[in-house]
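Subject: Handing over a structure, with notes

Dear colleague,

Please find the structure below, followed by what I found when going through it. I would be glad if you read the notes with the model open beside them.

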Amino acid sequence: MDDFSNQIYSQVYQIPFGQVSTYGDIAKFAGYPGYARHVGRLMATLPEGSKIPWHRVINSQGRISLKGDALLRQVTALRAEKVDVSDTGRVSLHDYRWQGHS
């Protein structure tokens, strides 16, 4: 695994239970501002059963980017953590956004 992937996974792993972060925030926290799409690709290619909390990463509009069954799986995982998620995948970044280590 390359350094970029390790840094991204490390940041995602630190998102606290019941909070979310955006693809862009994770890229920035890892030292790669502007690499939001790369973060999305990494989350999409995690192997099944991964311990990385991929479901806590959403887009900058406060929405889940996935569709269909994948959307439902992410909504279900976030709701299990008491995150208020609409049926269409909307999350209030104001209420649930993790601000990193600052």
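Two residues are taken to be in contact here when they have heavy atoms within 4.5 Å. Please also keep in mind throughout that this is a predicted model.

With that cut-off, the meeting of two helices can be described residue by residue: from α1 come Phe4, Ser5, Ile8, Tyr9 and Val12, and from α3 they are met by His38, Val39, Leu42 and Met43. Sorted by class, this contact of α1 with α3 holds 7 nonpolar residues and 2 polar ones, with no charged residues. As for the geometry, the axes of α1 (residues 3-13) and α3 (residues 36-44) come within 11 Å and cross at roughly 80°, which makes α1 roughly perpendicular to α3.

Each of these helices can then be taken in turn. In α1, the buried residues are Phe4, Ser5, Ile8, Tyr9, Gln11 and Val12; viewed down the axis of α1 they fall within an arc of 160°, and therefore line one face of the helix. Those buried residues pack against α2 and β2 as well as α3. At the start of α1, a side-chain oxygen of aspartate 2 reaches to within 3.0 Å of the backbone nitrogen of phenylalanine 4.

In α3, Val39, Leu42 and Met43 are buried, and because the buried residues of α3 fall within an arc of 100° when seen down its axis, they too line one face of the helix. They pack against α1, α2 (23-29) and β2, whereas Arg37, Arg41 and Ala44, on the other side of α3, are exposed.

Two loop residues also deserve a note. Histidine 55 lies in the loop between α3 and β2 (57-58), and since buried means under 20% relative accessible area, its relative accessibility of 11% is why histidine 55 counts as buried. Leaving aside residues up to four places away in sequence, histidine 55 touches Gln74, Ala77, Leu78 and Glu81.

Lysine 82, by contrast, counts as exposed because its relative accessibility is 67%. Lysine 82 is located in the loop between α4 (68-80) and α5 (93-96), and has a positive phi of about 70° although it is not a glycine.

Note on methods:
Residues numbered from 1 in each chain as written. Heavy atoms only, no water. Axes fitted to C-alpha atoms, helices over the stretch in contact; angles between N-to-C directions. Helix = DSSP H or I, 4+ residues; strand = E, 2+ residues; numbered from the N terminus. Parallel < 35°, antiparallel > 145°, perpendicular 65-115°, else oblique. Nonpolar A, V, L, I, M, F, W, Y, C, P; charged D, E, K, R; others polar. Buried < 20%, exposed > 50% of the residue type's maximum accessible area, 1.4 Å probe, protein only. Arc of directions from axis to C-beta. Polar contact = N/O pair within 3.5 Å; in protein donor to acceptor, adjacent residues only side chain to side chain.
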